[in-house]
Amino acid sequence: MTATTAQDWEDRSAALWSRIDALAPEDFLARTDALAAELGADHPVALFERAAARDSLGRTDEAVPLYRRALRGELPGERRRRAVIQLASSRRALGDPEESISLLTAERAHGEDHLSDALTAVLALALADAGRARKGVAEAVAALAPHLPRYQRSMANYARMMGEAEAQKTSPSGD
């Protein structure tokens, strides 16, 4: 696919996503699948877009295998990180917060970017679902702190202390 053709495809994909709420769910899904088919059935971007469409329409169980297949391929750029976050969110929603935590913890090792707060939000939810609500709150407050107009330092410290207290509580020596 040439750069011009690739950009045209991306533009058409963005236009379709901008209309998700205006289209009937089955119509949106059919259009997404048709657009994805232009790339080929096993193309990582096509798999990701098909997964994201299903996830956005509440078909999380159908999205998970597509995310996994997309991630086995060479999913480019931001889509790879989005796929990990979305797969983790889906696994949490389907009752497996531990896999969600594992996926997100591993993804954090890839560094910080504009999706880091989204990753942390899903991690906080997964931690709460796994029975570690204090750690989840600590994660959420730590992510929120830099965005506050005041009290950033205090909130960051509170989050750190909550996280440390939770770690001591759950560590083998903290019993």
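Me: What do the buried residues of α5 pack against?
Reply: They pack against α1 (3-17), α3 (44-56), α4 (60-72), α6 (97-108) and α7 (116-129). Contact here means heavy atoms within 4.5 Å, and helices are DSSP runs of H or I with at least four residues, numbered from the N terminus. A word on the source: this is a predicted model, where local features need pLDDT of at least 70 and side-chain atom pairs count only at pLDDT 80 or more. Residues are numbered from 1 along each chain, and side-chain values use heavy atoms, leaving out hydrogens and water.

Me: Why is Ser-116 called buried?
Reply: Buried means under 20% relative accessible area, exposed over 50%, and partly exposed in between, with a 1.4 Å probe and protein chains only. Ser-116 has 6%, so it counts as buried. This residue is in helix α7, and beyond its neighbours within four places in sequence, Ser-116 is in contact with Arg-81 and Gly-111. Arg-81 is itself among the buried residues of α5.

Me: And what makes Tyr-151 exposed?
Reply: Its relative accessible area is 57%, so Tyr-151 falls in the exposed class. Tyr-151 lies in the loop between α8 (133-144) and α9 (152-170).

Me: What is the phi of Tyr-151?
Reply: Near 70°, a positive value in a residue other than glycine.

Technical notes
Helix = DSSP H or I, 4+ residues; strand = E, 2+ residues; numbered from the N terminus.
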